[in-house]
Amino acid sequence: MATSSISSAAKNLINFSTRNVDSQKKSIFSKHLSFSNSSISLQKLSLFKGSHFSRKLQKTPISNVLETVESKSDLLSRTRDPGNLVKTERPTILVSEKLGEAGLDLLRTFGNVECSYNLSPDELCAKISLCDALIVRSGTKVTRQVFEAAKGRLKVVGRAGVGIDNVDLQAATEFGCLVVNAPTANTIAAAEHGIALLASMARNVAQADASMKDGKWQRNKYVGVSLVGKTLAIMGFGKVGSEVARRAKGLGMHVIAHDPYAPADRARAIGVELVSFDQAISTADFISLHMPLTPTTNKVFNDETFSKMKKGVRIINVARGGVIDEDALVRALDNGTVAQAALDVFTEEPPPKDSKLVQHENVTVTPHLGASTKEAQEGVAVEIAEAVVGALRGELSATAVNAPMVPPEVLSELAPYVSLAEKLGRLAIQLVAGGSGIQSVKVVYKSARDPDNLDTRLLRAMITKGIIEPISDSHINLVNADFTAKQKGLRISEERVLVDSSSENPIDSIQVQVSNVESKFASALTENGNISIEGRVKYGIPHLTCVGSFGVDVSLDGNLILCRQVDQPGMIGRVGNILGERNVNVSFMSVGRTAKRTKAIMAIGVDEEPDKDTLKKIGEVPAVEEFVFLEL
Ligand SMILES: NC(=O)c1ccc[n+]([C@@H]2O[C@H](COP(=O)([O-])OP(=O)(O)OC[C@H]3O[C@@H](n4cnc5c(N)ncnc54)[C@H](O)[C@@H]3O)[C@@H](O)[C@H]2O)c1
Ligand SMILES: O=C(O)[C@H](O)COP(=O)(O)O
């Protein structure tokens with residue numbers, strides 16, 4: 001297979017250590033390195049089934065498989081890492097931030113544990129080459145320099161908590177270091193802290209306390225507001241958001257939530273109505289933030305969105321500081337749009353000492369204490385200790401956040417399908433209209449291969465990745481895809497359809513159906529109301545071949561405009577001209593229709609993202625009935 005046909009998505013799953021691989025080979029197996037001692041058996045990796053390779057290697061632990069793969073492959077001619085833990089008696093585990101005793105005890109049964117808190121970046125770099133594992137919370141920046149300084153010995157970084165924004169995941173993967181986290185043990189603590197901030201803000205607890213300690217008795221100044229009967233909008237109805245909702249209902253609040261991807265029935269089950277972003281922020285008396293920090297949510301609370309809020313609204317943030325434009329929040333507090341804010345998280349932590357936001361009299365602050373209860377820290381410590389010990393033993397971890405190992409033979413065959421799968425997932429989620437909760441996805445693989453010889457876990461993982469990553473800060477890989485989908489209430493079912501084909505290709509086509517949702521592009525819906533898209537690999541390149549009931553043929557490279565129009569002459573020219581006049585390069589174009597001169601779909605691949613005005617112009621072409629721009 002040509003190097004160029006291995007997409008970045010596939011590269012994400014090519015995860016071999018390439019430290020000593022020559023440069024041309026590195027361009028194929030670049031960037032993503034492995035965790036090399038996984039004990040998953042080849043029985044599970046039935047992608048190998050039937051081959052000479054598989055017969056020889058069945059039931060062999062992956063560590064041995066990899067030895068064999070490595071010895072077979074001149075791509076992987078590196079010598080084994082002298083720090084390989086299989087050969088090391090007791091690994092060294094550096095804990096750089098306070099961790100619960102139960103977790104430390106567990107670690108001590110397995111390795112030599114060194115607790116060194118408050119290390120400077122230089123001190124951390126100096127120590128790290130002597131360590132096999134590092135355990136951090138949000139205060140330690142695990143940068144590329146740390147991985148470089150580790151000189152290949154560091155095997156696993158454990159994040160004792162949810163957010164992994166302080167770990168350079170790309171660098172970790174490049175240096176062959178597994179990153180694991182503890183995503184569930186601090187959920188309740190974060191939710192309780194959200195409620196604590198809500199109540200103390202409403203009753204000016206922090207301000208009144210400071211005033212009394214200053215010798216004052218200001219009963220009139222600190223008259224608060226009641227919670228009962230007030231509307232609370234939960235922004236991000238995930239693990240923490242839904243727990244905050246439950247508790248707020250107990251306080252007699254009317255709770256609504258905005259989360260474009262949360263299942264409506266989960267919300268209904270606890271008496272919460274899912275609403276649009278604008279409806280949530282314009283009707284709420286209190287707004288509590290629980291969405292992840294992603295490119296979409298970065299500074300989503302800004303001058304424009306504050307201006308849509310009810311005057312005198314109160315805001316709580318225990319998610320991530322970056323979802324708020326902090327300067328805009330200061331302005332909104334100054335002009336009274338926002339009456340009060342209670343913040344546990346900040347764009348920069350710790351925030352500058354002279355931060356206007358922190359100093360503002362209507363703001364209650366805590367220094368990122370959401371997860372800081374004894375119980376949560378014990379839970380997180382045990383959760384992370386188990387994950388780190390498991391990783392050091394070579395077991396696959398359900399909370400791994402960077403890529404596990406995939407044998408190259410499997411990858412070279414599946415690489416274009418892996419890329420197709422991720423792109424179909426990304427397209428499918430972008431076709432879902434905001435506000436529709438997505439619950440179940442069905443994937444149909446058409447293949448001439450015996451189902452026993454086709455392991456679709458990798459493809460399912462990539463479809464899951466395509467669906468979840470644009471809407472969350474979760475990092476999906478082969479290990480954690482099913483776990484993450486389940487946690488998010490997303491059911492992914494698969495169907496294999498055996499087709500009659502003499503082709504050597506493992507798969508004929510992949511179809512992704514999203515059930516019971518509204519679509520931004522009605523033509524993507526089939527008669528039974530599901531969004532349906534289908535793709536194939538042609539000449540090693542993923543193609544979109546069907547949208548709803550319309551056949552198309554467009555290579556999935558760059559971005560895509562889908563346009564439904566009345567089927568009539570001149571449409572390609574008209575839309576092509578609009579794009580050409582604005583210097584948007586068309587890479588591919590295809591028209592599909594159900595019958596002559598009725599309706600047609602035009603699928604246009606574009607190299608550049610058209611601006612709003614260009615898209616508006618396309619929408620204004622009289623025969624165009626609907627269109628959508630999709631990023632791949
Ligand atoms: N302050 C703390 O100490 C502390 C503790 C735990 C978690 N957190 C943070 O809280 C946040 C939530 O954590 P979680 O464990 O509940 O995560 P989660 O993944 O379970 O929930 C996040 C939810 O946000 C939704 N979402 C994604 N994009 C959205 C958007 N644009 N608008 C609205 N909703 C959107 C997702 O669909 C998901 O349901 C994370 O940022 C996490 O890092 C902070
Ligand atoms: O992401 C998390 O888990 C929370 O923000 C907690 O961070 P901490 O472990 O630094 O308290």
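Q: This is a predicted model. What distance separates an oxygen atom of ligand 1 from a polar backbone atom of K239?

A: The distance is 2.9 Å. To read it, recall the cut-off: a polar contact is a pair of N or O atoms within 3.5 Å. The pair at K239 falls within that limit.

Q: How many residues surround ligand 1, and which are the closest?

A: The shell holds 25 residues. K239, V240, D259, V318 and I471 are the closest. Next, sort the shell by residue type. It has 12 nonpolar, eight polar and five charged residues.

Q: Now ligand 2. Which residues are around it?

A: Go along the chain. R137 and S138 are listed, then R159, A160, G161, V162 and G163. N186, R320, H368 and A371 complete the set. By type, this shell has three nonpolar, five polar and three charged residues.

Q: What are the distances from oxygen atoms of ligand 2 to R137, S138 and G163?

A: A polar side-chain atom of R137 is 2.9 Å from an oxygen atom of ligand 2. For S138, a side-chain N or O atom is 2.3 Å from a ligand oxygen. For G163, a polar backbone atom lies 2.7 Å from an oxygen atom of ligand 2.

Q: What share of ligand 2 does the protein bury?

A: The share is 91%.

Q: Which residues line the second largest cavity?

A: The lining is F147, A150, G152, L154, F175 and C177. Five are nonpolar, one is polar and none is charged. The cavity holds about 30 Å³ of space.

Q: Is T366 buried or exposed?

A: Compare its relative accessible area with the cut-off. Buried means under 20%. T366 is at 15%, so it is buried. Its place is the loop between β12 (363-365) and α17 (374-393). The T366 side chain also makes a polar contact with the side chain of H193, at 2.9 Å.

Q: Why does E97 count as buried?

A: E97 counts as buried because its relative accessible area is 18%, and the limit is under 20%. E97 sits in the loop between β1 (92-95) and α5 (101-108). Look also for contacts along the chain. R137 is 40 residues from E97 in sequence, with 6.1 Å between their C-alpha atoms. R137 also belongs to the residues around ligand 2.

Q: Where does G312 lie, and what C-alpha distance separates it from A339?

A: G312 is in the loop between α14 (303-307) and β10 (313-317). Its C-alpha atom is 4.4 Å from that of A339, 27 residues apart along the chain. At 24% relative accessibility, G312 counts as partly exposed.

Q: Which residues have a positive phi although they are not glycine?

A: Read the phi angle, then the setting. N118 has a phi of about 55°. It lies in the loop between β2 (112-115) and α6 (121-128). N118 is exposed, with 74% relative accessible area. H368 has a phi of about 50°. Its loop is between β12 and α17. H368 is partly exposed, at 22%.

Q: Which peptide bond is cis, with omega near -5°?

A: Omega describes the peptide bond. The bond from E349 to P350 is the cis one here. P350 is in the loop between β11 (338-343) and α16 (356-359).

How values were computed
Residues are numbered from 1 along each chain as its sequence is written. Chains are lettered from A and ligands numbered from 1 in the order in which they are written. This is a predicted model: local features need pLDDT of at least 70, side-chain atom pairs count only at pLDDT 80 or more; totals for chains, interfaces and linings use all residues. Side-chain values use heavy atoms; hydrogens and water are left out. A residue is near a molecule or strand if one of its heavy atoms lies within 4 Å of it. A polar contact is a pair of N or O atoms within 3.5 Å; within protein, one must be able to donate a hydrogen and the other to accept it, and residues adjacent in sequence count only if both atoms are side-chain atoms. Ala, Val, Leu, Ile, Met, Phe, Trp, Tyr, Cys and Pro count as nonpolar, Asp, Glu, Lys and Arg as charged, and the others, Gly among them, as polar. On a 1 Å grid over the protein atoms alone, a cavity is a set of points where a 1.4 Å probe fits but cannot get out, and a pocket is an open set with protein on both sides within 12 Å along at least five of seven lines; lining residues have an atom within 4 Å of a point. Grid points are joined across faces, edges and corners, and a volume is the space filled by probe spheres set on the points. Accessible areas come from the Shrake-Rupley method with a 1.4 Å probe; for residues, only the protein chains shown count as cover. Helices (H or I, at least four residues) and strands (E, at least two) are DSSP runs, numbered from the N terminus. Buried means under 20% relative accessible area, exposed over 50%, partly exposed in between (1.4 Å probe, protein chains only).
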